[in-house]
Amino acid sequence: MTVSAAEQEKTGLGNYFIANYPQFSFWSSSYLPDAERAVNSPPRPGVPLGLYLHIPFCRKRCKFCYFRVYTDKNASDISVYLNAITKEVELLSKTACVGGRPLDYVYFGGGTPSYLSASQLDGLMSRLRAIMPWDQAREVTFECEPGTLQKHKLETLRAHGITRLSLGVENFKPEILQYNGRAHSEDEIYRAFGWARELGFPQINIDLIAGMVGEDWDNWKRCVAKLLELQPDCVTIYQMELPYNTEFSKALRVKDGVARTSLDLIQPAEGTVSPAGNVADWPTKRAWTKYAFDELVKNGYEVSSATTVVKSKANTKFVYREALWRGADMFGTGVASFGHVNGVHMQNLDTWEAYVGRLEAGELPLGRAFPTTERDRLIREVVLLLKTGHLDVNYFLDKYGVDIRTEFREPLAKLDREGWLKVTEEGVDCTPEGLIQIDRHLPAFFDPQYLSSRYT
């Protein structure tokens, strides 16, 4: 069945944004020997090393969340998990791929890392830093849900060298936060941000989501105005998508006994009232993102990627993103966490019992992997770095010996004709409209064997 252009622009089920290449659906447990060889081989010269730590606990599960998170774990369970992830870091620190390299960047993601208490964080970070110190790392990021923060918890993070605090604000309107499953209130946003500023974190990022269920133009403009009042160092704006394994994705409306190809309406749970109910289509979400970008730029910010605006490109870096997108190694630790080492993508076991059990047995908890070729890595960098809005011809010539203008002549020419980017002597530059929707064009660079209807 042919899907019309109008239907394609509705917010349907599935992942829209490209986070890796080749896609996760091609990764397999059959490639685990490749992952084990990668971990136990010396590092490639000059490649930086990062550490990602997945803290999978949340006060409640957001209705649009597709990550591996838990809302039912007690203090004893959390202790078991923190022991397991510490053991994983210890095992990795002894492998050949570390090779004495210092950590270039560290990222605590979730879930909700700030769900942990100050004492739990102090204990975890003290143990981790004794195994793999991050004092010389260029960036140490910590994700926070505003309602879980107290000043003494932030003081603990500051004492352990957190340089980039990322606040998952998402929206300022209480009704929208509540309906979409967020646990924090508007007042908690201002309180947490004030403490963070007072304690002098070098960089504070605020996340917003364009297109949360119930959003409208008037409220979105208010959100952007409130954002500008706070003046964070960095703003990340995601456009709402509805992957398959979310609470919202299960609410696919059925008309006349036939499941729709897109979510025309989220049906409120019994006994609740949606603030609006309509799911914004992609043109609307792109318009909201463009409005936010334009307002931020008017107020002195600079666009640094399809999702990120910063106060100063010279002073406000996002090392985790920049290093990872340029092929850095990264250990992905924690249940279901993703990593990339010595040219091999890998993911940990994706259930609590399997992950903890493997580490209690003293073994790395690898679940699936994918060994990349030189061409895979070239394409991966092309598609991910396009999300920054610019590709440097000389960078790819020096690293891969490839002129990307020649290698990808057809997709570049097509996107140039359509007005999404411009090809120059120095490289490739996305147009403003092209950058905001660059993810929908990235599959044009995929090799045929990796073209798939489902990204995940």
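1. Among contacts in the chain (heavy atoms within 4.5 Å) between residues at least 6 apart in sequence, 75% join residues at least 24 apart. This is a predicted model: local features need pLDDT of at least 70, side-chain atom pairs count only at pLDDT 80 or more, and totals for chains, interfaces and linings use all residues. Residues are numbered from 1 along each chain as its sequence is written, and side-chain values use heavy atoms, with hydrogens and water left out.

2. Overall make-up. The chain holds 16 helices and 17 strands. Both are DSSP runs numbered from the N terminus: helices are H or I, at least four residues, and strands are E, at least two. Of the 456 residues, 56% are buried; buried means under 20% relative accessible area, exposed over 50%, partly exposed in between, with a 1.4 Å probe and protein chains only. Accessible surface comes to about 19000 Å², and carbon and sulfur atoms account for 50% of that. The areas come from the Shrake-Rupley method with a 1.4 Å probe; for residues, only the protein chains shown count as cover.

3. An open sheet. Three strands line up as E15-E17-E16, with antiparallel pairing. Two strands pair if DSSP finds at least two bridges between them. The edges are E15 (390-392) and E16 (421-423), each pairing on one side only. Twist averages 10° from one strand to the next. Axes are lines fitted to C-alpha atoms, for helices over the stretch in contact, and angles run from 0 to 180 degrees between N-to-C directions.

4. E16 and E17 (residues 427-430) pair over 3 bridges. Lys422 stands opposite Asp429 in E17. Helix H13 (residues 393-400) packs on the sheet and touches E15 and E17; its direction makes about 50° with that of E15. Helix H15 (residues 409-417) also packs there, touching E16 and E17, at about 125° to the direction of E16.

5. Helix H7 (residues 186-199). Buried residues of H7 include Ile189, Phe193 and Trp195. The buried residues of H7 pack against H5 (151-159), E4 (164-170), H6 (174-179), E5 (203-210) and H8 (217-230). Gly200 follows H7, with a positive phi near 75°.

6. Arg222. This residue lies in helix H8. Arg222 counts as partly exposed because its relative accessibility is 42%. Its C-alpha is 8.3 Å from that of Phe172, 50 residues away along the chain.
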